[in-house]
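Hi everyone, thanks for coming. Let me put the structure up, and then I'll walk you through a few places in it.

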Amino acid sequence: MYANNPEIVLQAMCLHLGSKNENEFAFIQSPQYFYDRPENLCILNEYIGKGIVGIQGPFYQGTGAFHRRDVVYGLCLDQIEHQGNIVEDELLKKFGNSKEFIKSAAQTLEGKTGGYSSNISRSLDEAHRVADCGYEYGSSWGDEVGCLYGATAEDNLTGLVIHSKGWRSGYCLPIPHAFLGCASPSGPAGMRQQKRWATGLLEILFSKRNPILATLIGKLQFRQCLAYLWILTWGLRSIPELCYIALPAYCIITNSTFLPKVQEPTVLIPLALFVIYKLYTLLEYIQAGLSIRSWWVNNCMARIVTTSAWLFGLVNAALEQFGFSEAVFEITQKIHRPSDVDEVMFDDSPFFVPGTTIILVHLAAWATGLLRLQSQGAHGSGLGDYFCSVYVVLCFFPFLRGLFMTGKKGIPWSTICKSTALALLFVQWCKMMSSVN
């Protein structure tokens with residue numbers, strides 16, 4: 001990320017100092033936007049982001065934020081009125097063994113200004129010492145002070161703890177945008193980032209600092225708790241998403257149906273829900289100045305990411321909870337070049353196995369339905385099941401195209417073999433369930 005608006009510091013300070021209560025905001029957050037893919041977070045910021053602003057304030061996003069020092073040092077909102085003299089020796093265990101830093105932190109926590117050292121060389125030497133990787137050992141950094149550890153999504157955890165102490169956060173959206181950054185590229189790098197996010201968010205959900213406890217025993221507002229739960233449960237969505245995606249193929253293979261027949265009036269209920277939801281989300285994109293193509297591409301990528309990266313994030317978080325693995329922060333590679341949003345590059349990464357399996361399962365379902373139609377005639381699965389199956393294939397069309405492409409745009413044979421084995425197991429399981437019923 002880089003500063004795109006030179007006045008952002010001034011505007012953030014105006015929000016910090018110009019509110020009715022100068023102690024109202026713990027930090028001022030500017031939403032993230034990307035210069036190479038401006039539509040990626042536009043809808044999220046425009047609707048979800050601005051909605052959360054009206055509760056207890058936006059989430060801390062790791063970048064583009066201006067924090068109060070005393071809040072970073074662990075100060076709670078109700079401690080503002082009781083700021084007094086602080087014994088520096090008591091802060092050594094909390095902030096480390098830098099006398100200069102302890103003096104600066106004590107003055108900040110006491111609400112004092114000025115009194116800092118005028119010796120620039122000494123201050124620089126002390127700054128290098130405090131910035132050393134080993135300085136935090138034996139202190140409260142990462143536990144009570146600074147950016148908190150305990151989850152690979154440390155920004156959300158830090159913001160959640162700040163909100164649970166009663167603080168609010170401010171929202172700054174100047175024109176032009178305050179900060180711009182480089183989006184992660186398509187393919188394994190982007191999937192790896194999504195997996196890390198899903199894992200880190202679930203780590204927070206399963207920890208003692210989850211929003212439910214923060215609401216019950218802390219000062220997190222109930223609606224803000226719901227907002228945090230919405231984002232923390234991203235990884236859990238992969239299971240019902242997979243079930244819904246596999247359901248049409250299951251019904252076609254087993255010659256059953258989960259939707260009303262076309263001639264039945266009740267078919268209008270799921271049809272109306274589907275059409276209304278799609279038109280509503282399309283209207284959101286149009287109102288935000290985005291194209292229909294962006295709406296469709298992001299709709300497809302949401303299905304792909306949920307059933308692949310978020311699924312692996314859920315598995316990874318579960319393994320961590322049961323002690324079979326440890327949290328590892330994976331750096332996302334960023335490429336400073338424009339990239340087509342729907343251009344998917346494939347390799348032998350396991351991230352592409354679920355999507356390839358889904359495509360093969362639905363193709364197998366179509367083949368099974370076609371053979372049954374020729375031999376037995378039309379009965380059993382209805383048009384609704386086939387419509388849902390076609391919709392799934394369209395969402396995963398990059399994988400369908402990848403089956404017939406070569407090079408980086410084609411799916412490797414190792415991935416195809418793994419997916420074929422999984423698809424055959426699913427088809428066999430469907431036939432077993434059909435014979436049992």
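A quick word on helices and strands: they are DSSP runs, H or I over at least four residues for helices and E over at least two for strands, numbered from the N terminus. Please keep in mind that this is a predicted model, where local features need pLDDT of at least 70, side-chain atom pairs count only at pLDDT 80 or more, and totals for chains, interfaces and linings use all residues. Residues are numbered from 1 along each chain as its sequence is written, and side-chain values use heavy atoms, with hydrogens and water left out.

Let's start with glutamine 224, which sits in helix α10, residues 222–232. Is glutamine 224 buried or exposed? Its relative accessibility is 0%, so it counts as buried; buried means under 20% relative accessible area, exposed over 50%, and partly exposed in between, with a 1.4 Å probe and protein chains only. Leaving aside residues up to four places away in sequence, glutamine 224 touches Ile52, Ile55, Gln56, Gly57, Phe59 and His163, contact being heavy atoms within 4.5 Å.

Next, helix α1, residues 8–18: its buried residues are Ile8, Ala12 and His16. They lie on the same side of α1 because they cover an arc of only 70° around the axis, taken from the directions from the helix axis to the C-beta atoms. The buried residues of α1 pack against β2 (25–29), β3 (65–67) and β5 (179–180). On the other side of α1, Leu10, Leu17 and Gly18 are exposed.

Last stop: glycine 49, in helix α2, residues 42–53. Glycine 49 counts as buried because its relative accessibility is 18%. From C-alpha to C-alpha, glycine 49 and alanine 227 are 9.9 Å apart in space, and 178 residues apart in sequence.
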